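Reader: Hi, I'm new to this. Can you walk me through the structure below?

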Amino acid sequence: MNLDRAKFGLILLCLEVLIVLLFTIFVGYDLQADGSHEKHHVNPSQGGLRPQANTIVKYDSMYQDVHVMIFVGFGFLMTFLKRYGYSAVGLTMLLSAVAIQWGILCRGIFHHDDHGMINIEITSLINADFAAGAVLISLGGILGVSSPFQLTVMVLIEVFLYSLNEYIGAEIFKAIDVGGSMFIHAFGAYFGLALSRMMKPTKDINSTNEAATKTSDLFAMIGTIFLWIYWPSFNGALASGDDQHRAVINTLLSLSASLLMTFVWSGILSHENKLDMVHIQNATLAGGVAVGAPFLKSKLGLHDTCGVHNLHGMPGVIGGIAGTIMAAMANEQVYGNSLYQQYPARAPVQNSSEFSEIVNEFADVEPGEGRTAASQAIYQLATLGVTLAIAIVGGSLTGLILRAPVFDNVPLDQHFDDVYFWECPEDEEKTKLMEANKNKGLDNRTFDFELGADSDTKNVASQAL
Amino acid sequence: MNLDRAKFGLILLCLEVLIVLLFTIFVGYDLQADGSHEKHHVNPSQGGLRPQANTIVKYDSMYQDVHVMIFVGFGFLMTFLKRYGYSAVGLTMLLSAVAIQWGILCRGIFHHDDHGMINIEITSLINADFAAGAVLISLGGILGVSSPFQLTVMVLIEVFLYSLNEYIGAEIFKAIDVGGSMFIHAFGAYFGLALSRMMKPTKDINSTNEAATKTSDLFAMIGTIFLWIYWPSFNGALASGDDQHRAVINTLLSLSASLLMTFVWSGILSHENKLDMVHIQNATLAGGVAVGAPFLKSKLGLHDTCGVHNLHGMPGVIGGIAGTIMAAMANEQVYGNSLYQQYPARAPVQNSSEFSEIVNEFADVEPGEGRTAASQAIYQLATLGVTLAIAIVGGSLTGLILRAPVFDNVPLDQHFDDVYFWECPEDEEKTKLMEANKNKGLDNRTFDFELGADSDTKNVASQAL
Amino acid sequence: MNLDRAKFGLILLCLEVLIVLLFTIFVGYDLQADGSHEKHHVNPSQGGLRPQANTIVKYDSMYQDVHVMIFVGFGFLMTFLKRYGYSAVGLTMLLSAVAIQWGILCRGIFHHDDHGMINIEITSLINADFAAGAVLISLGGILGVSSPFQLTVMVLIEVFLYSLNEYIGAEIFKAIDVGGSMFIHAFGAYFGLALSRMMKPTKDINSTNEAATKTSDLFAMIGTIFLWIYWPSFNGALASGDDQHRAVINTLLSLSASLLMTFVWSGILSHENKLDMVHIQNATLAGGVAVGAPFLKSKLGLHDTCGVHNLHGMPGVIGGIAGTIMAAMANEQVYGNSLYQQYPARAPVQNSSEFSEIVNEFADVEPGEGRTAASQAIYQLATLGVTLAIAIVGGSLTGLILRAPVFDNVPLDQHFDDVYFWECPEDEEKTKLMEANKNKGLDNRTFDFELGADSDTKNVASQAL
């Protein structure tokens, strides 16, 4: 019996018990999902709800698309390491399951009804998936070098800070962040990178396991492509009407242009001008320039397994700055009544003459704070600053905490290797064979259990030795 | 020419001719899909149908989700065996295609119009996918040990009994079975296990092929994760309004908790306290305790390739019992008018004073049978009993029938091996090499064509010999 | 630095700059996506648009399904070659990204507003995916023997001709082509086959790389199954009401019957009567008879890597002929008002007494050309003829053009091999080992880096040598 492993199992058990307890006390159904609510007890003609008008109809399709991105997209994107496939999909599932449940609770700290109850409905699940997205981006920075226990603790801290940051940015600063450039991508990336820097400040990680095979790369392409396909739903899931329509169109066109540019750079800049699958996996998604990762490692001593700085960090910051510029330029001529749907704080204050004018012209406008374009832009920029501050400080502190031995550091020789935490099919066979060899006086040379590994290399290797 | 194979091809041909014939005679479009229906001939203002109000709009998105579960989910879930990947996805496709067509006909025996015609629309396709789901659960119990002919006969019998059982439970007993705990999961599992027991009553199956490689396990994770993702759609596909909303939320939360608990048990109970990918593949989906499978095999002489007893059987029975308890406790205070949508038999009988009262309070209530909570609960329990009886008796009899040599038993040495029925890329090469070796006086040692197999093990093995 | 590769990178860069320029000048949002349009500035009660009535709601779910087919479906379907997996998914992504952007522009030549502007919305994206579908079908004919530069030029020419042909068929001839039998499948297949014939008129391609492994075949099954699952959405995406409902039902039933028949023919006709995974991959999708491909190669000197003649060409022509027959038989008794939705040209001309009669009987009928069933059938047949003519002549000319050395022919020994254009993980290792061997006086025998390759064959092979 391995006590560390059993300990982690028991702690997960306690966590799930705690979650169930908190759900029982604080979580209920929202009106839309609550059959006992009086709105479901009266005739539609008297203000009751009609089943076919339920919000589940509007959101479910895009919710399931986002759900595919989180589990298939991120999960398989990270299977590119040749000996870490079990961990990539397994950790994605474990950490997302924690993040979804914990995320509903943390978001509820900032969004609850007058009785302190968290009323959940389908958009709660979309927001919980978004929190899981931020966590998986952070995971990308330290994939292969952290234990499940360390990562679970990371999720608990990060999801709380994620919810806090989103509350400050979206509710207090009333900043707009379509697609989560700041709240999800920049936050997740810099939290993970700061954590990575703190956890391994001096050690140079340079493992032969940190490489791909063709089979592992093809599994990773399953993730890449599903992320690529459903990105329009990710960016449009919580929008409506023409805003949602534009989010889908713009995302698709940006992704298509990014993908083409990736082939441009990968073909021009890479070794022998051949295409590099790692560039395709990363840059097609980000539109970022796929040349920063080696720089980070060599110059800053910063480890970044999946290149999240390029895939999420830089594009997230660029998205945040672009959002600031857009906010500074947005006006009624271009956006029509969408202006006040996109930037609700720009609507005039209640009872003002400006507000009366706008209500006359447009339908469905809520009173706001009467912000100018400039002041909205400043709030957008402040949100980016707060996001980076919380991510970097929070990630660094979390990294410091996770260095404590109680959280089970992964030994250096088991980095990027499933054997640290998984029963691997080949391992049992391997053990038997090594013993058989020992009995026969043979030595046990390279045992390398890679994904779909091609063994000719190794055959020749043994000839060569 | 292999006569057995040609025979099976001819029988499939006859089956398809029969199916087309029966469709021609008995199947037509439902109003919603039938452009020639008078409702499409009149103005909407005079009761005609508007195109945008067609039911395809409501159901299509979740239908396609369920469809992914059947073909990608079940298909790839069963690719975990290292030499049986072609069969896993190929048999899933073949048996599902038979089950879908045959299922529409069998369901039509019990659901047809006054002229004996089966009117199909989009929910017919969802129900046909559910029938395919039950079949694939049964397949999981005998995967690798049955011939395609045996399995096709199994589908024809099982889908008829499935339709009969669902008719008894849902129509006669008016039991409620959201997500198909009883009709799909328990029925499919115990039909398959009873059949497995009858087909192999004495032989101890213990093949070295009944194992996974890392590559085959990762393919299986594609199936696992798609099943996990779309389960909310599976459980909510045929519901509406707040019922559908709750089905989605509850399924997602149950799955997330299950997933976490799987890591708890897998980490605490398994060998060296390492995580076991088989547990993740099964228990994340079921929420069941993943320790029963070896017990079944050793104690009852029962073979269960995919662990369907734990993944579908036990959870299905638990779901049925939970449904009984829920029915006993359901009342108008908690469910509002949903009560009579969920349990239509609990609505008062027509023309009663109770019925008038309820129609006054709620909209859209149909007259029912005036059942009490207790009598509804008894019917729920009776449905579980009937389901288990039909599944176990039907499965056993089917197993007896399939022992007849005419249905092509798979030889013991070809269990869990694609070579029994598939042309495998490596086989031709293998044959050539074996002959080349023979000509040179070399013996032909281990030929083991596994999925993405790692050959170092075998290199060392040959050194060790 | 490889100048050819760098050249291709620069040309892609110029292409993307050109595309962005053309988009800036000619492309705008359609009313549905344009927040600045006056319809979004007025109250719904005065004719303004309500957000919840936006067309994105109707189309998005099926659009995302089609998107999965293009990228996951076609991409992974073509991974069956053992050493060409990177190229299969990489080229699918590159060519689709070009086709989507270029397709919006080419379609805009024939569909623009009075100011020459292309107004895009969600159905523009669906149509762009359809154009990408035609391109990927053509790619299937020459997969493995063409360079990315040649293929990019092919996309630019083909997508223009595709748009022209669709304009002639759908707009001028007013032919109906549900599911794109003619416009997508027949056009894409015969364009690709004509191009294949012209590019390689004399050479006999016979590479050992043109084969599958079990791992590569399983990756291909991911593509196959996603294509199979979402085909109902592909055929129904642009339809409405009962037409869409029938498209979904009919596609599902046809696919199920096709799948069964594939097992029939594969089992009866193939070697040793075993099932052939290639048949399953192709014929399950087409319902075509999967025995023509070797015939094409041996008799006509025509190379067809993925069997697109059987999978798309023949079924497309059959679909076109069936569409002609259906048009000849269509009448008001069977279709009701759907008749004039399906065949708008059959509606009587404006101001005629027949038109007044029909408007009285049905709602929502637009005036047409008063075509008879026979004349509609003739237009359908003419559309098939024009499609084949443009495809074959256009494909041949494109093939002639692509023979110019400037477009980078793939050397014969790098056919069907990722090494031509990709950095492969094993290659670097290989180079190192070959040098190590040379230093030790060993020769470098078979290096064969296949996907998930099984090496026992090769071990025995080296014993046998």
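Reader: Let's begin with charges. How many salt bridges are there over all chains?
Author: The count comes to 21 salt bridges over all chains. A salt bridge here is a side-chain nitrogen of Lys or Arg within 4 Å of a carboxyl oxygen of Asp or Glu.
Reader: Okay. Where does this model come from?
Author: This is a predicted model, in which local features need pLDDT of at least 70, side-chain atom pairs count only at pLDDT 80 or more, and totals for chains, interfaces and linings use all residues. Residues are numbered from 1 along each chain as its sequence is written, chains are lettered from A and ligands numbered from 1 in the order in which they are written, and side-chain values use heavy atoms, with hydrogens and water left out.
Reader: Which residue forms a salt bridge with R107(A)?
Author: E166(A) does. Their closest N and O atoms are 3.0 Å apart. The pair links distant parts of the chain, 59 residues apart. R107(A) sits in helix α3 (residues 85-110) of chain A, and E166(A) in helix α5 (residues 148-172) of chain A. Helices are DSSP runs of H or I with at least four residues, numbered from the N terminus.
Reader: And is R107(A) buried or partly exposed?
Author: R107(A) is partly exposed, at 24% relative accessibility. E166(A) is buried, at 14%. Buried means under 20% relative accessible area, exposed means over 50%, and partly exposed is in between (1.4 Å probe, protein chains only).
Reader: What about D243(C) and R246(C), where do they lie?
Author: Both lie in helix α8 (residues 241-269) of chain C. They are three residues apart, about one turn of the helix. D243(C) is buried at 13% relative accessibility, and R246(C) is buried at 9%.
Reader: Why does that spacing matter in a helix?
Author: An α-helix has 3.6 residues a turn, so residues three or four places apart point the same way.
Reader: Which residues are linked in a network of salt bridges?
Author: D242(A), D243(A) and R246(A) are.
Reader: New topic. How many disulfides does the structure hold?
Author: Zero, over all chains. A disulfide is a pair of cysteine sulfur atoms within 2.5 Å. Take C106(A): the nearest cysteine sulfur, that of C14(A), is 18 Å away. C106(A) is buried, at 3% relative accessibility.
Reader: And C14(C)?
Author: C14(C) is in no disulfide either, with the nearest cysteine sulfur, that of C106(C), 18 Å away. C14(C) is exposed, with a relative accessible area of 53%.
Reader: Back to helices. How many residues does α2 of chain B have?
Author: Helix α2 (residues 55-77) of chain B has 23 residues. It reaches 32 Å from its first C-alpha to its last, close to the 33 Å expected at 1.5 Å a residue. That expected span is 1.5 Å times one less than the number of residues.
Reader: Where does α2(B) bend?
Author: At S61(B), by about 30 degrees. The bend is the angle between axes fitted to the seven residues ending there and the seven starting there.
Reader: Why is α2(B) called largely enclosed?
Author: 20 of the 23 residues of α2(B) are buried, so the rest of the structure largely encloses it.

Conventions: Helix = DSSP H or I, 4+ residues; strand = E, 2+ residues; numbered from the N terminus.
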